[in-house]
Amino acid sequence: MIIEVSQCVKRYKEVLALDHFDFKVKEGEIVGLLGPNGSGKTTLINCILALLKFDQGEIKLFGQEMRPNAWDIKARIGVVPQELALMENLTVRENIDYFCGLYVDDKKRSKGLIEEAIHATGLAGYEKFYPRKLSGGLKRRLNIACGIAHKPELLFLDEPTVAVDAQSRNFILEQVQKMNAEGTTVVYTTHYLEEAQQICSRIIIMDKGKNLVSGSTEELLSSIETSEKIHLSLLHSDEAFREGISQLPQLLEFSEEKNPGSKETHYVLKFAKSSNNLLHLLHYIQEQGLEYTQLYSERPTLNDVFLELTGKELRD
């Protein structure tokens with residue numbers, strides 16, 4: 001086991017940031033760590049890295065107890081923070097050299113690792129640029145290069161694709177998968193749920209300091225009550241129609257939204273089971289003599305799992 005967090009508790013005065021949290025990561029996994037703002041993700045990572053003291057519990061990395069001075073363990077870890085951690089007065093190459101040098105003493109080996117990091121992150125041709133001359137996407141890639149140059153066995157990526165264009169995001173995700181295929185175990189935090197669904201072998205959703213659910217995307221989708229969503233757009237609807245659909249078998253809930261600039265109303269209906277729901281709905285629409293412009297069914301998404309487990313209220 002690469003990471004073992006057992007019954008970890010962390011308090012900030014009256015706030016319980018981690019509530020007897022359990023967390024395990026096996027070698028070779030890409031584990032997505034998801035949760036709303038304030039759910040405890042950053043606190044958990046900082047406790048794992050021994051940057052924060054926790055109140056009780058146990059944390060082991062590579063089978064050893066993690067401590068602030070455990071330099072032998074830390075040398076095997078890479079961290080790419082959400083906030084850009086770059087030296088503005090150093091060039092791209094000098095930045096990577098600096099961070100690689102924190103872990104690798106051998107200059108010859110370090111030089112080769114720097115070249116690998118430059119090419120792995122698509123920074124060839126930018127080696128002499130200073131960070132202020134780079135685009136947002138290039139800065140993100142430099143941030144990653146600095147975190148991976150020493151070839152860590154365990155890599156923490158905290159929101160690595162924030163505020164980058166689609167091309168840079170796709171490139172970063174491909175590189176994460178490539179590093180994983182080459183043997184790096186990854187812990188990946190993101191608010192882009194489609195990213196987690198795309199690259200993570202296992203996903204953990206946490207909230208209020210607790211581990212709510214853990215599993216593959218398929219396992220998470222099967223863990224929630226909703227098993228089918230139906231989208232329906234009607235030209236005309238009224239309270240009687242809404243009352244009627246609320247009586248449909250297996251319906252959990254529905255929402256409605258007026259399409260701006262048109263008379264259409266769009267409905268999203270969530271069902272507990274996925275058998276015959278379209279047929280029942282279509283039969284009811286025909287009974288009422290209503291006209292629809294859109295009607296289709298889909299499986300729940302990771303976003304549905306996230307909202308069902310953590311709620312829809314806004315977080316600071």
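User: Which residues does Asn277 touch, leaving aside residues up to four places away in sequence?
Analyst: The model is a predicted one. Asn277 lies in helix H10, which covers residues 277-288. Not counting residues up to four places away in sequence, the residues that Asn277 touches are Glu228, Ile230, Pro249, Gln250 and Phe271.

User: Is Asn277 buried or exposed?
Analyst: A residue counts as buried when its relative accessible area is under 20%. For Asn277 the relative accessible area is 2%, so the residue is classed as buried.

User: What is the relative accessible area of Thr185, and in which strand is the residue placed?
Analyst: Thr185 is a buried residue, and its relative accessible area is 1%. Its place is within residues 185-189, the strand S8.

User: Which residue has its backbone nitrogen 2.8 Å from a polar atom of the Thr185 side chain?
Analyst: Not counting residues up to four places away in sequence, Thr185 touches a list of residues including Val25, Lys26, Glu27, Gly28 and Glu29, as well as Glu153, Leu154 and Leu155. The backbone nitrogen lying 2.8 Å from a polar atom of the Thr185 side chain belongs to Gly28.

User: How are H3 and H4 oriented relative to each other?
Analyst: Helix H3 (residues 92-101) and helix H4 (residues 107-120) pack at an angle of about 125°, and their axes are 10 Å apart. Because of that angle, the orientation of H3 to H4 is oblique.

User: How many charged residues does the contact of H3 with H4 have?
Analyst: The crossing of H3 and H4 is right-handed. On the H3 side the contact is made by Arg93, Ile96, Asp97 and Cys100, and on the H4 side by Ser110, Leu113, Ile114, Glu115, Ala117 and Ile118. By class, this contact of H3 with H4 has six nonpolar residues and one polar residue, while the number of charged residues is three.

User: Are H5 and H6 roughly parallel or roughly antiparallel?
Analyst: Helix H5 (residues 136-148) and helix H6 (residues 166-181) pack with their axes 10 Å apart, at an angle of about 15°. Angles under 35 degrees count as roughly parallel. The relation of H5 to H6 is therefore roughly parallel.

User: Which residues of H6 meet H5?
Analyst: H5 passes H6 in a right-handed crossing. From H5, the residues involved are Gly137, Arg140, Arg141, Ile144 and Ile148, and those they meet in H6 are Ser168, Phe171, Ile172 and Met179.

User: How far apart are the axes of H3 and H5?
Analyst: H3 and H5 are roughly parallel to each other, and their crossing is right-handed. They pack at an angle of about 30°, with an axis separation of 7 Å.

User: How many nonpolar residues does the contact of H3 with H5 have?
Analyst: Val92, Asn95, Ile96 and Phe99 in H3 meet Leu142, Ala145 and Cys146 in H5. By class, the contact of H3 with H5 has no charged residues and one polar residue, and its nonpolar residues number six.

User: What percentage of the residues in the protein chain is buried?
Analyst: The secondary structure of the protein chain comes to 11 helices and 14 strands. Along its principal axes, the C-alpha trace spans about 80 × 45 × 35 Å. Of the 316 residues in the protein chain, the buried share is 46%.

User: Among contacts between residues at least 6 apart in sequence, what percentage joins residues at least 24 apart?
Analyst: Contact here means heavy atoms within 4.5 Å. Among contacts in the protein chain between residues at least 6 apart in sequence, the share joining residues at least 24 apart is 68%.

Note on methods:
Residues numbered from 1 in each chain as written. Predicted model: local features only at pLDDT ≥ 70, side-chain atom pairs only at ≥ 80, totals over all residues. Heavy atoms only, no water. Axes fitted to C-alpha atoms, helices over the stretch in contact; angles between N-to-C directions. Helix = DSSP H or I, 4+ residues; strand = E, 2+ residues; numbered from the N terminus. Parallel < 35°, antiparallel > 145°, perpendicular 65-115°, else oblique. Left-handed = near helix turned anticlockwise from the far one by under 90°. Nonpolar A, V, L, I, M, F, W, Y, C, P; charged D, E, K, R; others polar. Buried < 20%, exposed > 50% of the residue type's maximum accessible area, 1.4 Å probe, protein only. Polar contact = N/O pair within 3.5 Å; in protein donor to acceptor, adjacent residues only side chain to side chain.
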